[in-house]
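Have a look at the sequence and the structure while I talk you through them.

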Amino acid sequence: MENRIIDQQLDLLRDKLLLLGGSTEKALQRAMQSLTQRDSDLARKVLEEDKIINQMELEIDRLSIEILALQQPAAHDLRFVISVAKITPILERIADHASNIADAAIIINDEPQLKSYIDLPAMANNAAEMLRTALDAFTTEDSALSREIIKQDKEIDARYKRVFDELIEIMIDNPAHTASAAQLLFVAKHLERIGDYVKDICELNVYLREAAFIKHSKKI
Amino acid sequence: MPSKISISHLNFYYGKVQALYDITLEIPERQVVAFIGPSGCGKSTFLRTLNRMNDTIPIAKVDGMVLIDGKDIYAPNTDVVALRRKVGMVFQKSNPFPKSIFENVAYGIRINRMYENKADLADRVEKALRDSALWEEVKDRLSTSAFGLSGGQQQRLCIARALAVQPEVILMDEPASALDPIATQKIEELVVELKRQYTIVIVTHNMQQAGRVSDRTAFFMLGKLVEYNATQKMFTNPEEKLTEDYITGRFG
């Protein structure tokens, strides 16, 4: 049977997930832009649009449950629905981190600028690129690519460590900048967490494709 | 888990038409094994080779080996009546005898002379009815006709009848396909309960039923065994593409 009833719903579920992924990418990119370009209006836009992302999450939850209940998927279909249902809250949390970065931007933008935000833009680029590639890999069910992306998380972690050290140094040298530096530390931490979340998405893509659980295992 | 039934290189023919091809499979003791596959794939034929029910078909011919507890059931000296006592069967359509509820269950015990006196017979009937989860529903109407029972109750009565002669293996050919969801659930709960004591082989068209009740699942197509695996594996990550296509309804 070429056109199964379930196919239509699985396609819809995939589309909704990719839309959520796109919105999450956009939120992250705008949040960083609001920080680096000191654009608080843009930051407020990120916060506003987070509500839409929350709605998208609920919609995917609803559809996933409906497919499980009414279509009773098995094998690859089942793994697909499970993966989508698990990736959705991860994307929503990434968007929450983007909102938190936007919150920080609104505070920092009122203070004098600290250096050129050190390694943060590069870290954000890494995270955004990882997220984009992870979603591409999910679309094409390319688990080899997912495994590659997982390895990249180490780069973000390394950058986070450098940013952390540098910001602590700034706080010690210039106590007047402590508040801003602390906010930037939060931003760095959010980006580091986003890297972890992207890794989770990649692990779920490996599950989808290979039915293998690689989470919590040293072997990638 | 030791094998209760061991089938090797089994071929089955209806006259010149081959219905089963070189089936080799082990059925572990006190587990539930489900047979799935499209209509006409040979799963019921295969089920019936396990207690020689196909013997009643004159043109049927079997080669290969079926060992139950290590004994070849197709050996010339096999006592087929004893075999069918040991390997009971429940069919798709419940088929109670036109007798009372009590007599339906007592029948096998009587003809096999498996009781000492009337009280013993009554005890054995009660035990079979309890084991088939029917006792509470029928204990006050044992002498009434079995035809007064609902479809689901009649099917459990047939299970009680099979259990009464103390089998070791129970073959079930789509036992719940004609029942409503509640009666189906009762049969499924019963299957899961019965596997503590019996080895059960169940043919079903209901994928979710196979998933719910069985430990292992065998998928047949065109008389061949395509895949035989742990049920959990079959329904989450089957090894064969044909299995995946079948259980996800992709069959064309």
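**A walk through chains A and B**

Okay, chain A: starting at the N terminus, its elements go α-α-α-α-α-α. The radius of gyration of chain A is 19 Å, close to the 17 Å from the globule rule for 220 residues, so chain A is as compact as a globular protein of that length. That radius is taken over C-alpha atoms, and the globule rule is 2.2 Å times the number of residues to the power 0.38.

Some housekeeping. This is a predicted model, where local features need pLDDT of at least 70, side-chain atom pairs count only at pLDDT 80 or more, and totals for chains, interfaces and linings use all residues. Residues are numbered from 1 along each chain as its sequence is written, while chains are lettered from A and ligands numbered from 1 in the order in which they are written.

Back to chain A, with six helices and zero strands. When I say helix or strand, I mean DSSP runs numbered from the N terminus: helices are H or I with at least four residues, strands are E with at least two. Along the principal axes, the C-alpha atoms of chain A fill a box of roughly 70 × 40 × 20 Å.

How much of chain A is buried? Buried residues are 42% of its 220 residues. Buried means 20 or more other C-beta atoms within 10 Å of the residue's own, exposed means 12 or fewer, and partly exposed is in between, with C-beta atoms placed from the backbone.

Let's zoom in on Ala104(A), which sits in helix H3 (residues 75–108) of chain A. Ala104(A) is buried, because 22 other C-beta atoms lie within 10 Å. Leaving out neighbours within four places in sequence, its contacts are Gln183(A), Phe186(A) and Val187(A). A contact here means that the C-beta atoms of two residues, placed from the backbone, lie within 7 Å. And for chain A overall, of the contacts with a separation of 6 or more, 81% are between residues 24 or more positions apart.

Now, where the chains meet: 11 residues of chain A are in contact with 13 residues of chain B. On the chain B side, helix H8 (207–213), helix H9 (231–236) and helix H10 (241–247) each supply at least two residues.

Six of its six residues are buried, so E9(B) is largely enclosed by the rest of the structure. Which residues cover each face? On one side Arg216(B), Ala218(B) and Phe220(B) are buried, and on the other Thr217(B), Phe219(B) and Met221(B) are buried too. Remember that in a regular strand the side chains alternate between the two faces of the sheet.

Who does E9(B) pair with? Strands pair if DSSP finds at least two bridges between them. Strand E3 (residues 32–36) of chain B runs parallel to E9(B), joined by four bridges, and Phe35(B) stands opposite Ala218(B). With strand E10 (residues 224–230) of chain B, E9(B) pairs in the antiparallel sense over six bridges; there, Met221(B) has Lys224(B) as its bridge partner. E9(B) and E10(B) make a hairpin with two residues between them, and Leu222(B) in the turn has a positive phi of about 50°.

Last stop: chain B also has an open sheet of four strands, ordered E2-E1-E4-E5, with antiparallel pairing. Its edge strands, which pair on one side only, are E2 (17–28) and E5 (71–72).
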